[in-house]
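Subject: Structure handover

Hi,

Here is the structure for your files. My notes follow below it.

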Amino acid sequence: MDTSSFADRDGFIWFNGKLVPWRDANIHVLTHGLHYASSVFEGERVYEGEIFKLTEHTDRLINSARILGFKIEQSAEEINQASRETVIANNIVDGYVRPVAWRGSEMMGVSAQNNKINLAIAAWVWPSYFSPEARMKGIRLKLSPWKRPSPETIPTQSKAAGLYMICTLSKHEAEQEGFDDAVMLDYRGRVAEATGANIFFVKDGALHTPTPDCFLDGITRRTVIDLAKARGIEVIERVIMPDEMGSFTECFLTGTAAEVTPVSSIDTYQFAPGLICQQLIGDYESCVRRKVAA
Ligand code: PMP
């Protein structure tokens with residue numbers, strides 16, 4: 001495992017309008033985004049030099065900020081252009097892009113009405129989220145004690161930093177117990193998602209996936225639903241309770257980072273990554289590498 005810091009690398013980061021050397025992309029400790037989580041971000045993948053679904057990610061970034069009550073200064077087209085420039089400046093063929101927008105340092109308290117809205121875009125070479133061996137045998141998940149909150153508690157449709165606090169707690173606990181990741185139920189006790197990916201199950205040849213009413217309706221999730229439908233696979237978005245998990249044969253996660261990752265177990269529930277996982281991994285790979293229409 002690479003233990004070097006993300007703060008100490010060669011390359012360039014796009015920072016408030018221009019590319020700066022990687023190590024110079026710094027902020028002050030008195031930054032509202034750091035203290036009060038007034039920060040939104042995206043995670044994008046680069047395949048063969050192109051950012052997959054860039055427009056959708058940029059639009060979600062702008063919308064995430066709007067939901068938190070702040071406006072990113074740059075237009076969607078300017079952000080798209082800056083993202084492409086960052087990929088080119090860092091010579092990335094297959095990698096990851098991380099745009100982040102946050103409130104600055106002008107006011108330091110809960111209220112930050114007049115703070116500058118900052119935007120940075122970093123990109124780095126990055127292979128698969130989970131190792132290829134782990135992907136083939138399926139990953140092991142643990143049910144988290146943390147619940148995805150109600151949309152009345154926190155703005156759940158924003159990809160906001162604050163929503164990830166319980167994801168990190170869940171993932172750390174799972175990793176410490178030897179699992180790969182955690183599955184979170186929602187505030188009603190329904191199956192929701194993993195800590196950075198959506199979840200699907202297979203029963204009798206059909207896909208079953210939770211309705212995204214209190215968590216991100218992932219861009220990968222929507223892509224995989226379209227790919228499944230194009231194959232004639234039925235897709236059912238519905239309420240899924242945890243005690244139903246014993247009736248499913250396959251299970252997989254979807255996300256920009258996770259792509260399509262088969263799951264072999266969630267606590268004591270066992271799944272056998274099979275034909276549908278295999279087909280959708282292949283379809284997704286063809287789609288991101290533009291061998292079929294997205
Ligand atoms: N849920 C969470 C909590 C995530 O962090 C992500 C990754 N952005 C997803 C779902 C999947 O979203 P996407 O497919 O748009 O990457």
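Strand 9 (residues 181-186) is largely enclosed by the rest of the structure, because 6 of its 6 residues are buried. Buried means under 20% relative accessible area, exposed means over 50%, and partly exposed is in between, with a 1.4 Å probe and protein chains only. Both faces of strand 9 are covered. Asp-181, Val-183 and Leu-185 are buried on one side, and Ala-182, Met-184 and Asp-186 are buried on the other. Helices (H or I, at least four residues) and strands (E, at least two) are DSSP runs, numbered from the N terminus.

Two notes on the model. It is predicted: local features need pLDDT of at least 70, side-chain atom pairs count only at pLDDT 80 or more, and totals for chains, interfaces and linings use all residues. Residues are numbered from 1 along each chain as its sequence is written, and side-chain values use heavy atoms, with hydrogens and water left out.

Strand 8 and strand 9 run parallel and are joined by 5 bridges. Two strands pair if DSSP finds at least two bridges between them. Lys-147 sits in strand 8, and its bridge partner in strand 9 is Leu-185. At 37% relative accessibility, Lys-147 is partly exposed. Its side chain reaches the backbone oxygen of Pro-145 at 3.3 Å. Beyond residues up to four places away in sequence, Lys-147 touches Ile-166, Met-184, Leu-185, Asp-186 and Tyr-187. Contact here means heavy atoms within 4.5 Å. Lys-147 and Pro-127 are 20 residues apart in sequence, yet 30 Å apart in space, C-alpha to C-alpha.

Arg-148 is also in strand 8 (residues 139-148). Arg-148 counts as buried, because its relative accessibility is 5%. Its side chain makes a polar contact with the side chain of Glu-193, at 3.1 Å. A polar contact is a pair of N or O atoms within 3.5 Å; within protein, one must be able to donate a hydrogen and the other to accept it, and residues adjacent in sequence count only if both atoms are side-chain atoms. Leaving aside neighbours within four places in sequence, the contacts of Arg-148 include Leu-163, Met-184, Asp-186 and Cys-214.

Now the ligand. Which residues come nearest to it? Of the 13 around it, they are Tyr-164, Glu-193, Ile-219, Thr-220 and Thr-256. Near means that a heavy atom of the residue lies within 4 Å. A polar side-chain atom of Lys-159 is 2.9 Å from a ligand nitrogen atom. A polar backbone atom of Ile-219 is 2.8 Å from a ligand oxygen atom. For a polar side-chain atom of Thr-220, the distance to a ligand oxygen atom is 2.6 Å. The protein covers 95% of the 380 Å² of accessible area that the ligand has on its own (Shrake-Rupley method, 1.4 Å probe).

Thr-223 is in helix 6 (residues 219-230) and is buried at 3% relative accessible area. A polar atom of its side chain lies 2.8 Å from the backbone oxygen of Ile-219. Not counting residues up to four places away in sequence, Thr-223 touches Phe-52, Lys-53, Tyr-284 and Cys-287.

Last, Val-288 in helix 7 (residues 275-288). Val-288 is buried, at 1% relative accessibility. Leaving aside neighbours within four places in sequence, Val-288 is in contact with Tyr-47 and Phe-52.

Best wishes
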